[in-house]
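Dear colleague,

I am passing on the structure that follows, together with some notes on what came out of going through it. Please read the notes with the structure open beside you.

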Amino acid sequence: MLNRKHNPLPGFGLTLGFTLFYLSVIVLIPLGALILRASEISPSDFWALATKERSLAALRLTFGASFIAAALNAVFGTLLAWVLTRYEFFGRRLLDALVDFPFALPTAVAGMTLATLFAPEGWLGQFLVPLGIHGAYSKLGVVIALTFTGLPFMVRTLQPVIENIEREVEEAAATLGAGRGMTFRRVIAPMLLPSILTGFALSFGRAIGEYGSVVFISGGLTSTEIAPYLIVMRLEEYDYPGAMALAVILLVVSFVLLAIINSLERWVSRFER
Amino acid sequence: MAGTVHRSWNAASRKSTRGTEESPWIRRLLIGIAFGFCGVFLLLPLANVFSQALADGWKAFGGSLVTPDTRAAIRLTLLVAAISVPLNMVFGVAAAWTIARFEFPGKPLLITLIDLPFSVSPVVAGLIYVIVFGLQGYLGPWLDERNIQVIFATPGIVLATIFVTLPFVARELIPLMQAQGSEPEQAALTLGASGWQTFWHVTLPSVKWALLYGVILCNSRAMGEFGAVSVVSGHITGRTDTMPLRIEKLFVGFQGAAAFSVATLLTLLALVTLLLKTWLEWRQQRDHDSAQTSPEDSDSATPLDP
């Protein structure tokens with residue numbers, strides 16, 4: 001696209017310089033400071049901080065609930081993306097616009113409204129709580145909040161991919177005698193798989209860092225503590241090493257996920273023309 | 001919920017499916033599930049915000065919006081957005097120019113670094129500024145001697161907000177400008193335009209919708225950010241509470257209706273953001289379609305994903 005040796009456009013030095021300066025001040029130096037500070041903690045202390053019972057419980061809940069939420073999004077997000085791209089029906093545009101709602105709604109508001117919905121006297125809670133389903137102030141609540149915030153990532157990752165599937169491939173499968181179910185399993189599902197994994201990773205990555213929506217629906221109970229919440233608790237106790245140990249673990253997981261997502265996206269782009 | 005919705009859909013026309021479409025029953029079932037899921041998970045939470053806000057009546061609703069502490073929170077939120085959004089806009093334009101118009105080593109790394117704030121937990125985003133500027137941090141004692149407060153004050157809130165909203169504008173502009181290519185700009189330069197003229201009259205008009213879209217998303221997140229701001233704010237009522245923090249304080253203090261009243265403002269902001277997004281997508285689609293019919297214009301589609 002731009003393989004000219006002598007690029008006559010001006011402003012390279014200025015814009016690159018400003019970009020690097022701004023990134024350094026806002027992102028790189030502060031992140032570096034965290035890593036520098038955290039590296040002052042000896043490995044054995046770090047291990048002790050990270051494997052305290054309360055830290056372990058919070059990390060378990062964070063990763064477990066994020067995994068379940070991402071899995072739920074993989075199922076319902078794929079279904080939604082399929083319905084929104086393939087079918088014409090009344091209300092399709094409204095649903096399509098609504099999918100971005102969790103992304104646009106501030107997390108604090110999301111957490112508050114979900115908490116009151118599933119609370120015993122809430123619109124949903126009044127039916128669910130008598131059945132023994134506690135959607136607020138419980139681990140299930142954490143999953144609900146994380147599913148809510150992760151949904152757009154799944155749907156928006158899949159929609160363009162479904163749109164780009166060539167109908168001819170499906171027609172060929174049908175002509176060769178495959179039923180719709182078989183075509184889906186053997187032809188469509190394999191084409192969607194890399195993107196479903198990308199959406200899963202994006203949704204999971206969003207979920208492990210999520211704080212605002214969860215803090216309201218978890219109700220501040222010890223059994224519903226997620227890692228970001230515990231970081232805030234540690235900070236309020238001025239326990240900086242405790243906060244930093246958890247923060248570094250979350251950062252490392254985010255970076256690994258980022259690398260996975262990047263390679264998944266390269267895999268996906270092989271399927272595109 | 002799902003049942004009532006897909007019944008109204010019953011009369012839909014039946015087309016020839018040529019074996020590449022699901023049977024009508026499966027299709028209806030899937031659409032029903034989609035409506036049911038979106039109804040419970042998206043529509044109910046939205047309606048609930050307004051229902052809860054009006055639980056004590058319109059008068060209480062209006063009253064809780066004009067208390068001095070809430071007004072202070074609204075002012076602070078507007079101030080923070082007014083500083084951080086323009087800064088990130090300038091950054092986004094500069095980053096897009098350098099990435100989409102020039103080749104240099106390390107470009108993929110730079111793109112990854114620009115996206116990095118999206119992968120960092122908001123709480124960690126707040127924590128890093130506490131470590132740099134807090135009293136126990138690297139610069140804290142030095143700043144304290146000079147009576148400059150960053151953490152538990154507005155500068156910290158602005159910094160945390162800039163961090164979490166940094167990628168929005170750049171992300172929208174980079175793929176679009178890469179797809180457009182630099183031929184129009186090179187032509188303008190050849191015809192004697194200066195660098196700035198080229199930017200204002202050639203580049204900016206061709207990316208204006210994507211720029212606007214990025215700014216809208218950036219602003220929406222800047223006004224709604226909770227986690228990062230919560231860590232650096234110190235929660236001083238009337239001074240360092242932004243709207244989301246004010247909402248939390250009211251909610252935790254058993255003033256649910258008041259909390260939801262303030263939340264309606266942020267919810268309306270989210271709805272306006274969605275409306276503008278839909279409108280901008282429609283516009284861009286239209287520009288794209290007309291570009292395809294007129295031969296002199298090249299491909300200008302851009303993916304508008306979150």
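Helix 6 of chain A and helix 8 of chain A cross in a right-handed manner (a crossing is left-handed if the near helix is turned anticlockwise from the far one by less than a right angle, and right-handed if clockwise). The residues that make this contact are Thr107(A), Ala110(A), Gly111(A), Leu114(A) and Phe118(A) on helix 6 of chain A, and Gly141(A), Ile144(A), Ala145(A), Phe148(A) and Thr149(A) on helix 8 of chain A, where two residues are in contact if their C-beta atoms, placed from the backbone, lie within 7 Å. Helix 6 of chain A covers residues 107-118 and helix 8 of chain A residues 139-164, and they pack at an angle of about 135 degrees with their axes 10 Å apart; axes are lines fitted to C-alpha atoms, for helices over the stretch in contact, and angles run from 0 to 180 degrees between N-to-C directions. The two helices of chain A are therefore oblique to each other (angles under 35 degrees count as roughly parallel, over 145 as roughly antiparallel, 65 to 115 as roughly perpendicular and the rest as oblique).

Please bear in mind that this is a predicted model, in which local features need pLDDT of at least 70 and side-chain atom pairs count only at pLDDT 80 or more, while totals for chains, interfaces and linings use all residues. Residues are numbered from 1 along each chain as its sequence is written, and chains are lettered from A and ligands numbered from 1 in the order in which they are written.

In chain B, the axes of helix 6 (residues 122-133) and helix 8 (residues 154-165) come within 10 Å and cross at roughly 135 degrees, which makes helix 6 of chain B oblique to helix 8 of chain B. This crossing in chain B is right-handed, and its contact is formed by Pro122(B), Ala125(B), Gly126(B), Tyr129(B) and Phe133(B) from helix 6 of chain B with Gly156(B), Leu159(B), Ala160(B), Phe163(B) and Val164(B) from helix 8 of chain B.

As for the chains as a whole, chain A has 13 helices and 0 strands, and chain B has 14 helices and 0 strands (helices, H or I of at least four residues, and strands, E of at least two, are DSSP runs numbered from the N terminus). The C-alpha trace of chain A spans about 70 × 65 × 35 Å along its principal axes. Of the 273 residues in chain A, 48% are buried, and of the 306 residues of chain B, 42% count as buried; a residue is buried if 20 or more other C-beta atoms lie within 10 Å of its own, exposed if 12 or fewer, and partly exposed in between, with C-beta atoms placed from the backbone. Among contacts between residues at least 6 apart in sequence, those joining residues at least 24 apart make up 78% in chain A and 72% in chain B.

Chain B is divided into domain 1 (15-53) and domain 2 (57-293), with bounds that come from an automatic or database domain assignment. The contact between these domains takes 5 residues from domain 1 of chain B and 8 residues from domain 2 of chain B, and their C-alpha centres lie 32 Å apart.

The largest nonpolar core has 164 residues, and those with the most contacts inside it are Ala247(A) and Leu127(B) (such a core is a set of buried Ala, Val, Leu, Ile, Met, Phe, Trp, Tyr and Cys residues joined through C-beta atoms within 7 Å). Its largest share, 14 residues, comes from helix 4 (residues 68-101) of chain B. Domain 1 and domain 2 of chain B both give residues to this core, so it lies between them. Not counting residues up to four places away in sequence, Leu127(B) touches Leu34(A), Ile231(A), Leu235(A), Ala243(A), Ala247(A) and Val231(B).

With best regards
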